[in-house]
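I opened a new page for this protein.

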Amino acid sequence: MPIHLTFVDSGFRPGKADTLPLNRVYEFCRRFPKRVRPTKGSSAPMRVPLLLSKIEVNRSGKAAKFGLDLVRLDTDHWKCWVHERLRWPPETPGAWHVPVGIDDDYCHQIVSEARVKSPTGRPEWVRRSKNNHFLDCEAMLAATSYLMNMQRVGLPREREAPARTNENPPPPNDVPPTHRNFPRAPRRIVRSGYLGV
């Protein structure tokens, strides 16, 4: 299937902070502006699950000619989304399905963080394991589907075939489809520069 949208975590630093500069992530996203967007997670609760904002940075750190959309993610919301779907029955609409052949490492990384409440009452995610990449990946995948408005896509309805009556018998099978009585398409008429039907 073609990739329609990809999120890249621009806040992730493997190793030291100067190993992978932030602008390198932005430069990669600028090469594919229709399909790739940089993200940053918010540790504080947000009003909305994700927020788009323009950033004006190029490789040298100066103002860019065309802005890039930075996606701010509510980390608590999206990680909760993944953990809630783990308990849903698979036949429930909106349930979370994983590909066939996942290994134990994938499962351990999905549950590598636990949500606890701090003394101030604010939720925090505590790491139980060093590797939590798949949890972050699944949370960002949920956010990409939300940005593409996939939560509004309904389930396909089963169509019932209309009952045939004796008044409208089916056309004989030996008649070619071009000679059957299909309804005629309306003619297109151009009037004063407008296309009418």
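**Starting from helix α4**

I looked up which residues of α4 are buried, and found Leu135, Glu138, Ala139, Met140, Ala142, Ala143 and Thr144. Buried means under 20% relative accessible area, exposed means over 50%, and partly exposed lies in between (1.4 Å probe, protein chains only). Helices (H or I, at least four residues) and strands (E, at least two) are DSSP runs, numbered from the N terminus.

I noted that this is a predicted model, where local features need pLDDT of at least 70 and side-chain atom pairs count only at pLDDT 80 or more, while totals for chains, interfaces and linings use all residues. Residues are numbered from 1 along each chain as its sequence is written, and side-chain values use heavy atoms, with hydrogens and water left out.

**Length of α4**

I checked the span of α4 next. The expected span is 1.5 Å times one less than the number of residues. For the 15 residues of α4 that gives 21 Å, and the end C-alpha atoms are 21 Å apart, so the two agree.

**An aromatic pair**

I then looked for ring pairs. Rings of Phe, Tyr and Trp (its six-membered ring) pair if their centres lie within 6.5 Å; planes under 30 degrees apart are stacked, over 60 edge-to-face, and the rest tilted. I found three aromatic pairs by this rule. In one of them, Trp78 and Tyr146 have ring centres 5.5 Å apart and planes at 65°, so the pair is edge-to-face. This pair links distant parts of the chain: Trp78 sits in helix α2 (residues 75-85) and Tyr146 in helix α4, 68 residues apart.

Tyr146 is partly exposed, at 33%.

**After α4**

I followed the chain onwards. Asn149 comes after α4 and has a positive phi, near 65°. Val153 lies in the loop between α4 (133-147) and β7 (189-191). I found Val153 exposed, with a relative accessible area of 52%.

**The whole protein**

I ended with the totals. The protein has four helices and eight strands. Their order along the sequence is β-α-β-β-β-α-α-β-β-α-β-β. Of its 197 residues, 24% count as buried. I also looked at contacts (heavy atoms within 4.5 Å). Among those with a separation of 6 or more, 57% come from residues 24 or more positions apart.
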